[in-house]
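Let's take a walk through a protein model together. Have the sequence and the coordinates open side by side as you read.

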Amino acid sequence: MSTTGSTPAHQAPAPPGEDPRGVPRTRRGGNVQSMLLSMAVILGLVAVVVWALPRPGSIQQPPADVAGTAAGAGAGLPFTPPVPTGLEGWTPTSAEVNRSTDGVTTWHVGYRTDEGEYVALEVARDATAAWQRAQTGGGAADGTLEVDGRQWERLLQEDRGRRSLLRTQDGLTVIAVGQAGYPVLAELARATEAGWAAAGAEWGAPAP
C-alpha cells in the first residue's frame, strides 16, 4: 500500500537539475546571465537614443539690462552710472553695483565682444590703490593710450594676458579691463564717455 504523493517504487530519484517528471530545472546561473544580457541590450539602446538626440551648442543667457539697472542704481551712487553706447555686436553679460576691495562702491558692467572676448567696465569714486590693484589684477604700467584726446594709463598683467585702461578725473576712476587688446578696451572707454554725454553727465557728474 502506497502513501499519496510518494515516489513510486519503480521510479528512480530524479537526477540533479531535473524535476521528478524528467524536465530539467532552470539553473540560477542561467537566470543571472540572461538578466545581465538583457540589461546590456537595454543600456545599449538607451545610449544610441541619447547619442542621436540633438544637443544645444550652449546655454544662452539673456543680455543684461544695463540701462534699467543703471536707472535703479543711480540714486544710491555718488556719480552717474554710465550706460556705454555704440558697442555694436557686443552683448552685456552683467550689470550691478557692488562693494569691492576696501568697501569701495563700484559700478560694474561686463560684456562679450563681437569677437567673443570678455571685458568689463569698473567705475568708482574715491578709489583706493588696493581697489585699483584688485580690478587690474595688479597690472604693471605699460605706457599710455590717447582715446579721443584723453590720456589713459595702460596696465598689463602679463602672466594672464590681462590688460587695463585706467583714467582718474575729478575723483572718479574708470577702468576698462579684460583679456582683449588695448584697441578693444579703447572702444569700451569711448563708449563709456559717449554714454555719459548722452545722459548729460560730464565724466560721471550727477545729471542735472
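What follows moves from the overall fold to the strands, then to the last helix and the salt bridges.

A word on the source comes before the tour: this is a predicted model, in which local features need pLDDT of at least 70 and side-chain atom pairs count only at pLDDT 80 or more, while totals for chains, interfaces and linings use all residues. Residues are numbered from 1 along each chain as its sequence is written, and side-chain values use heavy atoms, with hydrogens and water left out.

Let's begin with the whole chain. The protein has four helices and seven strands; helices (H or I, at least four residues) and strands (E, at least two) are DSSP runs, numbered from the N terminus. Read from the N terminus, the order of elements is α-α-β-β-β-α-β-β-β-β-α. Of the 208 residues, 31% are buried, where buried means under 20% relative accessible area, exposed means over 50%, and partly exposed is in between (1.4 Å probe, protein chains only). If you take the contacts (heavy atoms within 4.5 Å) between residues at least 6 apart in sequence, 47% of them join residues at least 24 apart. The protein exposes about 12900 Å², and carbon and sulfur atoms supply 55% of that area. Accessible areas come from the Shrake-Rupley method with a 1.4 Å probe, and for residues only the protein chains shown count as cover.

Now turn to the strands. Two strands pair if DSSP finds at least two bridges between them. Strand S4 (residues 140–147) and strand S5 (residues 150–157) run antiparallel and are joined by six bridges; you can find one where threonine 144 has glutamate 153 in S5 as its bridge partner. These two strands form a hairpin with two residues between them, and aspartate 148 in the turn has a positive phi of about 50°. S5 also runs antiparallel to strand S6 (residues 162–169), with five bridges joining them. Here arginine 154 has leucine 165 in S6 as its bridge partner. The hairpin of S5 and S6 has four residues between the strands, and glycine 161 takes a positive phi near 60°.

What packs against these strands? The buried residues of H4 do, against S4, S5 and S6, and also against strand S2 (105–112), strand S3 (118–125) and strand S7 (172–178). Helix H4 covers residues 182–199, with alanine 199 among them. Its 18 residues reach 26 Å from first C-alpha to last, close to the 26 Å expected at 1.5 Å a residue; the expected span is 1.5 Å times one less than the number of residues. Among the buried residues of H4 are Tyr182, Leu185, Leu188, Thr192 and Trp196. Alanine 199 is partly exposed, with a relative accessible area of 42%. Proline 81 is 118 residues away from alanine 199 in sequence, yet their C-alpha atoms are 9.8 Å apart in space. Just after H4, glycine 200 takes a positive phi of about 70°.

Next come the charged pairs. Side chains of opposite charge can pair when their charged atoms come close. How many salt bridges does a search of the whole structure find? There are four, a salt bridge being a side-chain nitrogen of Lys or Arg within 4 Å of a carboxyl oxygen of Asp or Glu. Arginine 154 forms one with aspartate 142, the closest N and O atoms being 3.6 Å apart. This pair links arginine 154 in S5 to aspartate 142 in S4, twelve residues apart. Arginine 154 is partly exposed at a relative accessible area of 23%, and aspartate 142 is partly exposed at 25%.

Glutamate 193 forms a salt bridge with arginine 150, with the closest N and O atoms 2.6 Å apart. Glutamate 193 lies in H4 and arginine 150 in S5, so the pair ties together parts that are 43 residues apart in sequence. Both glutamate 193 and arginine 150 are buried. Glutamate 202 also forms a salt bridge with arginine 150, the closest N and O atoms being 3.1 Å apart. That pair links the segment after H4, which holds glutamate 202, to S5, across 52 residues. Glutamate 202 is exposed, with a relative accessible area of 56%. Through shared partners, salt bridges join Arg150, Glu193 and Glu202 into one network.
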